[in-house]
Amino acid sequence: MNPVIEVVIRSVCVLAVFLVLPLLVGQTEHKVMAHMQGRLGPMYAGGFHGWAQLVADAAKFIQKEDITPRAADRTVFKLAPAVALVPYLVALAVIPISPTLVGADVDAGVLFVLAASGVGILGLLMAGWSSANKYSLLGGMRAAAQLLSYELPLVLSVASVALAAGTLSLTGIVDAWHPLWLLWQLPGALVFLVAGVAELQRPPFDMPLADSEIVMGPFTEYTGLRFAFFLLSEYAGIVVMSLLFTVLFLGGWHGLFSDYLGPLWTILKGFVIAVLIIWMRVSWPRLREDQLQRLAWLILVPVALAQLALTAVWVVLSSR
Amino acid sequence: MTDHQHSRGEPPTESKSRGILPGLVKGLITTAKTLGTPTHTAEYPDTMPYLPPRSQGVIALLEENCTSCMLCARECPDWCIYIDSHKETLPATTEGGRERQRNVLDRFAIDFSLCMYCGICVEVCPFDALHWSPEFEYAEVDIKDLLHEKARLGQWMPTVPPPPALDTRSAEPQEVTAANKPPRTAPEPKA
């Protein structure tokens, strides 16, 4: 096939997945959260149990006025949502759903995903700084502090898996995966899950947004489509994190009849993780800023380092 | 932070000594249980709400009882009741009797855009012409359409629920007591 056409087709597919999966996760959150709180959630949009609620929301967001505060740094302010959103699209492109079903098979996929999703933080910082609003600034600073401290345990736990598999390629990691890894990499997996949720600033780690104390953090001044982009980037982040967790720790497409059902297994496992992330949001209260930092530096980093050491020792011993 | 507390000699609270994990797991179990139980939400346009008989939904008018005494209109705190009436003379019923006069109600209207549903008019009516009905679906697009005339107010009369039963061993209602009273007899002529 003509390489240009192939690139276009792959990009369009990734974009479609990028636009559909976050909506699915968002709708799941609407319904699961509602029923966990004894409510019904959206029931009317689209006719059947409010399936089109998020489509309706999007239609609403598009119609809203796009306001830029007078004192805001206009270019940075307008660019911030894109900077927050696009990295997840880029990250999604290299996450394999099955050995063949991948947007772009990069050799150092792990590194690429971590680097790309790290850029998303910049969007929040830009939004917080350029809004000319004290709540935005506070939120932006909190986001920066939180994301910097949780990046470390995240990277360390991923390093452990990469070390165990002996490769930085995401497909390579899944190929090297063995069910026993579930036990062996369990501490690392837990660290990754916690740090991942913190990276997404989902409750209980939503200190930067904390709507009860700093309005909506860095998003305070945003309206309409730009605000919707921030929301979309949150759900896209859940999709990326869940799929990444599946690929790194749950063995991606491994499962019954993985020859035929491989991609389905990846999606299913990722969906379970996404529901878990939603479940945590509903069940747990928000961490205070100091508790947040304490958790990262005093618990997650040591555990991740211990996991890395354990993996290293095991790899060295088993290779002899 | 917790060190300060300990240095002041306060004993650590019980929840802290039990560790953080059980509480977190308990939270997860609670939400999962709620997820499993069916929701008891009844969504209004699909299922009509149950309204107790004392609900103050709309004020219904029983026109025959109204004597146009104007008490309701005068007591209304925001003057939302309009009453027009005229006097009519009834011919004598018996030969040589006296002609009677009575008020005839021409117009009785309640402006529900002004009404604050205090119910004073219902309380104050001496002839039980005004009643509370639980009916509440009479929203209008234009605020001017909320001024309802007596025909419309009368239509709500069938929706008025019967009054709740009296408590056991309570005194009989005034009307019953009055009806059961033996008729007065003429005093016996003194001898």
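Two strands count as paired when DSSP finds at least two bridges between them. Strands of a sheet pair through backbone hydrogen bonds, either parallel or antiparallel.

Take the two pairings in turn. S2(B) and S3(B) run antiparallel to each other and are joined over 10 bridges; along S3(B), Val104(B) is the residue that faces His86(B). Strand S3 (residues 100-111) of chain B also pairs with S5(B), again in the antiparallel sense, over 2 bridges. Here Asp111(B) sits opposite Leu147(B) of S5(B).

Over in chain A, helix packing takes the stage. Helix H2 (residues 53-63) of chain A packs against helix H10 (residues 224-249) of chain A at an angle of about 140 degrees, and their axes lie 6 Å apart. Angles over 145 degrees count as roughly antiparallel and those from 65 to 115 as roughly perpendicular, so H2(A) and H10(A) are oblique to each other. On the H2(A) side, Ala58(A), Phe61(A) and Ile62(A) make the contact, while H10(A) brings in Gly224(A), Leu225(A), Phe227(A) and Ala228(A). Sorted by class, this contact holds 6 nonpolar residues and 1 polar one, with no charged residues.

The two chains also touch each other. Chain A puts 12 residues into the contact, and chain B puts in 9 residues. On the chain A side, the elements giving two or more residues are helix H1 (3-36) and helix H11 (258-283) of chain A. That side of chain A has 7 nonpolar, 4 polar and 1 charged residues.

How far can the picture be trusted? The model scores ipTM 0.72 and pTM 0.75. Chain B has an average pLDDT of 84, and 88% of its residues score at least 70. Within chain B, strand S1 (residues 58-61) has the highest confidence, at 93, and helix H1 (residues 2-7) the lowest, at a mean of 43. Across residues 1-17 of chain B the pLDDT is below 50, and this stretch has 2 contacts in the model beyond near neighbours in sequence. Where pLDDT is low, the predicted coordinates should not be read in detail.

Notes. Residues are numbered from 1 along each chain as its sequence is written. Chains are lettered from A and ligands numbered from 1 in the order in which they are written. This is a predicted model: local features need pLDDT of at least 70, side-chain atom pairs count only at pLDDT 80 or more; totals for chains, interfaces and linings use all residues. Axes are lines fitted to C-alpha atoms, for helices over the stretch in contact, and angles run from 0 to 180 degrees between N-to-C directions. Helices (H or I, at least four residues) and strands (E, at least two) are DSSP runs, numbered from the N terminus. Angles under 35 degrees count as roughly parallel, over 145 as roughly antiparallel, 65 to 115 as roughly perpendicular and the rest as oblique. Two residues are in contact if their C-beta atoms, placed from the backbone, lie within 7 Å. Ala, Val, Leu, Ile, Met, Phe, Trp, Tyr, Cys and Pro count as nonpolar, Asp, Glu, Lys and Arg as charged, and the others, Gly among them, as polar. pLDDT is the predictor's confidence in each residue, from 0 to 100.
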